[in-house]
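Dear colleague,

I am handing over the structure we spoke about, and it is placed just below this paragraph.

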Amino acid sequence: MKLTSRFVPTIQPGDILSVRVSSLSPEATTFFNPPSATLPVDRLTTPATASALPELTGYLVDTDGTLELPLIGKIPVSGLSTSKASDKIREQLKTYLKEPTVNIRNQNFRVSVMGEVARPSLFTIPNERITMLEALSLAGDITIFGRRDNVLLIREVNGVRKFTRIDLTNRDLFSSPYYYLQPNDIVYVEPGKARQANADQTYRLLPIALSALSFLAIIFRYF
């Protein structure tokens, strides 16, 4: 069995990047680290809900794929990995700083896990690398009602949404291009027949239960 090559995410327009600069010129370095662009880099992977998304601060990659930094101006970064973009910015900074170093983090690398899992949520991934199995683990794993042989992956590629069915019980998953998740991927675990049967039974019994409660209410009213 051949493992899939490690997925290396690239910067895309609309990404929000945390850019931290350091050098042997501390006073000059602060010019390139405004408070709005600085984030803690040791933040753990945390789930986020639609009502309580973590605040994103940093530099926005423009629609033309450029990142604008103080003094340097616009730098093309679209299509580059964060490490390649760091190297590119570091070369530009050598004009102004002594032995600069640059650390870039993509602040909106997020994946959603929904359906028959213990804790469905939207997860922010600080290290920009997560497998489908790791994402399911963050969501508390698939419940006993979920289907492991037919997990739906929704991924947007070049503006087009693609739907792919994944069989987690097949070891070919490890060599699949879907083993590593990409930013904004949605993983949906469908309910199995047991869950559907349970739901059908509930819907069948609900009218009977409501009728019984109504009958009891009438009896108590007159007695």
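The lining of the largest pocket is made up of five nonpolar, nine polar and two charged residues, where Ala, Val, Leu, Ile, Met, Phe, Trp, Tyr, Cys and Pro count as nonpolar, Asp, Glu, Lys and Arg as charged, and the others, Gly among them, as polar. Of the 16 residues that line this pocket, Gln12, Glu156, Gln182, Pro183 and Asn184 lie nearest its centre, and the space inside comes to about 480 Å³. A pocket here is an open set of points on a 1 Å grid over the protein atoms alone, where a 1.4 Å probe fits, with protein on both sides within 12 Å along at least five of seven lines, and lining residues have an atom within 4 Å of a point. Grid points are joined across faces, edges and corners, and the volume is the space filled by probe spheres set on the points.

Before going further, please keep in mind that this is a predicted model, in which local features need a pLDDT of at least 70 and side-chain atom pairs count only at pLDDT 80 or more, while totals for chains, interfaces and linings use all residues. Residues are numbered from 1 along each chain as its sequence is written, and side-chain values use heavy atoms, with hydrogens and water left out.

The second largest pocket holds about 190 Å³ of space, and its lining has four nonpolar, six polar and four charged residues. Among its 14 lining residues, Ser81, Thr82, Ser83, Asn127 and Glu128 lie nearest the centre, and helix 2 (82–93) and strand 6 (101–106) each supply at least two residues of that lining. Helices (H or I, at least four residues) and strands (E, at least two) are DSSP runs, numbered from the N terminus.

The structure also holds nine salt bridges, each being a side-chain nitrogen of Lys or Arg within 4 Å of a carboxyl oxygen of Asp or Glu. In one of them Lys74 pairs with Asp62, with the closest N and O atoms 3.9 Å apart; because Lys74 lies in strand 5 (residues 73–76) and Asp62 in the loop between strand 3 (59–60) and strand 4 (66–69), the pair ties together parts that are 12 residues apart in sequence. Lys74 is partly exposed at 48% relative accessible area, as is Asp62 at 32%, where buried means under 20%, exposed over 50% and partly exposed in between (1.4 Å probe, protein chains only).

Glu190 and Arg165 meet in another salt bridge, at 2.5 Å from N to O, and this pair links Glu190, in the loop between strand 11 (186–189) and helix 4 (193–222), to Arg165 in strand 10 (residues 160–166), 25 residues apart. Glu190 is buried at 18%, whereas Arg165 is partly exposed at 46%.

As for confidence, pLDDT (the predictor's confidence in each residue, from 0 to 100) averages 80 over the protein, and 73% of the residues score at least 70. Where pLDDT is low, the predicted coordinates should not be read in detail.

With best regards
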